[in-house]
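I opened this entry to log what I looked up, one topic at a time. The coordinates come first, then my notes.

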Amino acid sequence: MSAQAAYKNLTDHFARIGALRAVSGILGWDAATMMPSGSAAARAEQQAALDVAIHEKLNDPRVQEWLATAEGESPEAKANLHEIRRDVVHATAVPADLVDAFARATSASEMVWRTARAENNFAALLPKLRVLLGLVRDLGQAKAEALGTSVYDALLDQFEPGGRSADIDVLFADLAAFLPDLTENVLAAQARRPAPLDLPGPFLVATQKALGERLMRALGFDFDRGRLDVSHHPFCGGAPGDVRITTRYSEDSFFPAMMGVLHETGHALYEIGLPQHHRGQPIGYARGISLHESQSLLVEMQVSRSQAFLTFATPLIREAFGGSGPAWSVENLHAHATRVSRGLIRVNADEVTYPAHVILRYRLERALIDGSLDLADLPGVWRDGMQELVGITPPDDKDGCLQDIHWPAGLFGYFPTYTMGAMTAAQLYAAAQEAVPEIPDEIAKGNFAPLLGWLREKIHGLGSTQSTRDILIAATGAPLSVAPFRRHLERRYLHA
């Protein structure tokens with residue numbers, strides 16, 4: 001068999017795997033949004049069968065035969081072969097029965113979490129989560145042996161290809177060195193200014209949804225290839241060409257849902273902008289979670305909390321809710337959007353205190369994986385860590401260790417990518433404005449095309465044809481650094 005024929009067989013095979021993964025994405029979206037709770041057991045069976053089918057395709061003996069012969073003629077084909085090999089290493093390290101058990105345990109744990117969080121009942125989740133954690137460790141151990149890494153780094157590699165905790169430790173140490181003093185200085189500066197005027201509710205869910213969809217369209221979301229729904233935890237999912245995002249609403253305030261929609265729209269724009277000619281191939285997917293989070297945080301934090309964005313959005317917000325007077329001015333809405341406080345909930349946290357939430361989770365999940373922290377002790381250790389890092393103690397587990405879906409969904413190794421994404425977003429947005437100086441002025445007019453065009457060229461359209469590091473260096477001229485993030489925070493919150 002020729003090298004070209006072997007490569008063609010691989011791409012055909014991975015196109016079918018990509019189609020199965022797309023089905024899995026839609027099933028996952030449905031489970032989080034539409035599926036009746038009584039269907040959880042049936043869905044677990046379906047998801048497990050699908051995961052095993054994907055695993056078996058990755059372990060097909062012909063894949064190894066084709067890989068032994070295949071060669072890539074173009075740089076993109078070479079990159080695709082590299083990603084195929086990485087995909088296969090992750091798959092062949094794990095037996096099918098472990099994949100099946102993990103899929104079932106994940107479905108069971110996630111469904112229990114929904115009730116446990118609502119009822120503030122960590123004890124109800126503990127047995128399911130303990131089983132799942134054991135399976136996560138087994139998966140991590142199997143992959144660590146294949147990759148030659150630690151167990152935690154093997155789990156991290158699933159979300160951040162090539163990512164290593166040693167590098168994260170350096171970045172997070174740099175953050176921890178300045179964030180506490182910065183937070184104190186920001187809070188002190190904020191206290192010297194008048195508090196934002198209250199925005200009187202209630203804010204009807206239907207009105208919030210309509211506003212969110214209007215903003216999504218302005219940013220460039222394609223409703224012919226995606227939709228907005230409600231879930232317990234906001235996310236972006238679905239499948240290539242069919243991007244599903246969700247948020248959650250409270251009629252007490254429209255800001256959390258609006259910012260949640262904008263955050264997930266950033267994810268969706270990345271998915272929509274991926275190279276369609278590589279769809280289904282490993283290089284056709286987004287390049288790791290830190291880069292994915294950079295796109296959501298660039299939209300939510302860098303752009304949507306800026307004076308320029310609110311100059312555009314404030315008339316739409318006033319129109320939606322019938323607001324008038326000083327409370328509905330650009331300046332007051334900007335003050336709300338950039339208000340810093342020591343809050344309990346990660347997804348509602350401002351960008352100054354947000355990294356502390358992530359550092360806590362990073363520390364705890366590493367301890368859970370290496371066994372130095374027992375799950376039964378998680379609530380108390382979480383409370384102590386929140387007090388130490390954020391300066392506030394959760395009154396209960398619902399707003400403490402039960403608030404995130406990640407661990408009940410088996411996503412260990414994911415959390416650090418959020419703050420890596422925030423740093424990447426600051427670095428990218430600074431580079432975008434340097435390359436296209438008119439971006440802020442155009443955003444103020446409601447024209448996001450200059451920014452989206454730059455992101456399409458530098459990030460979205462590349463898919464996984466390059467490493468995260470190489471993509472970032474090409475776009476910004478430097479590898480990931482804390483410095484642009486620090487400059488952004490100081491400029492917005494201390495020198496505005």
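I took contact to mean heavy atoms within 4.5 Å. The model I worked from is predicted.

**Helix pair**

Two packed helices are described by the angle between their axes and the distance between the axes. I looked up α2, residues 40-58, against α5, residues 96-118. Their axes come within 8 Å of each other and cross at roughly 150°. Angles over 145 degrees count as roughly antiparallel, and α2 and α5 are therefore roughly antiparallel to each other. For handedness I noted that the α2 and α5 crossing is right-handed.

Next I listed the residues that meet there. From α2 I have Ala40, Ala44, Glu45, Gln47, Ala48, Asp51, Val52 and His55. Facing them from α5 are Ala96, Val99, Asp100, Ala103, Arg104, Ser107 and Met111.

**Aromatic pairs**

How many aromatic pairs does the structure hold? I found 20 aromatic pairs. I looked at Phe221 and Phe223, whose ring centres are 4.8 Å apart. Is Phe221 buried or exposed? Phe221 counts as buried, at 5% relative accessibility. Phe223 has a relative accessible area of 22%, so I put Phe223 down as partly exposed; the cut-off for buried is under 20%.

I then turned to Trp382 and Trp407. Their ring centres lie 6.1 Å apart with the planes at 85°, so this pair is edge-to-face. The pair links distant parts of the chain, since the two residues are 25 residues apart. Trp382 sits in helix α15, residues 378-389, and Trp407 in the loop between α15 and α16, the latter covering 416-435. Trp382 is buried at 1% relative accessibility, and Trp407 is buried at 5%.

Which residues do ring pairs link into a cluster with Trp382 and Trp407? I wrote down Phe159, Tyr354, Phe412, Tyr414, Phe415 and Tyr418.

**Charges over rings**

I checked arginines lying over aromatic rings. Arg244 lies over the face of Trp29, 4.2 Å from the ring centre. Arg366 has its charged end over the ring of Tyr152, at 5.7 Å from the centre.

**Backbone**

Most residues other than glycine have a negative phi, and most peptide bonds are trans. I logged the departures below with that in mind.

The peptide bond from Gly201 to Pro202 is cis, its omega being near 0°. I located Pro202 in the loop between α8 (165-191) and α9 (205-219).

Asn120 is not a glycine, yet its phi is positive, near 55°. With a relative accessibility of 33%, Asn120 counts as partly exposed.

**A glycine in α15**

Where is Gly385? I found Gly385 in helix α15, the helix that holds Trp382. Gly385 has a relative accessible area of 9%, so I recorded Gly385 as buried. I left aside the neighbours of Gly385 within four places in sequence and looked for its other contacts, which are Leu360 and Val390. Gly385 and Leu360 are 25 residues apart along the chain, and their C-alpha atoms are separated by 6.3 Å.

Methods
Residues are numbered from 1 along each chain as its sequence is written. This is a predicted model: local features need pLDDT of at least 70, side-chain atom pairs count only at pLDDT 80 or more; totals for chains, interfaces and linings use all residues. Side-chain values use heavy atoms; hydrogens and water are left out. Rings of Phe, Tyr and Trp (its six-membered ring) pair if their centres lie within 6.5 Å; planes under 30 degrees apart count as stacked, over 60 as edge-to-face and the rest as tilted. Buried means under 20% relative accessible area, exposed over 50%, partly exposed in between (1.4 Å probe, protein chains only). Helices (H or I, at least four residues) and strands (E, at least two) are DSSP runs, numbered from the N terminus. A charge sits over a ring if NZ of Lys or CZ of Arg is within 6 Å of the ring centre and within 35 degrees of the ring normal. Axes are lines fitted to C-alpha atoms, for helices over the stretch in contact, and angles run from 0 to 180 degrees between N-to-C directions. Angles under 35 degrees count as roughly parallel, over 145 as roughly antiparallel, 65 to 115 as roughly perpendicular and the rest as oblique. A crossing is left-handed if the near helix is turned anticlockwise from the far one by less than a right angle, and right-handed if clockwise.
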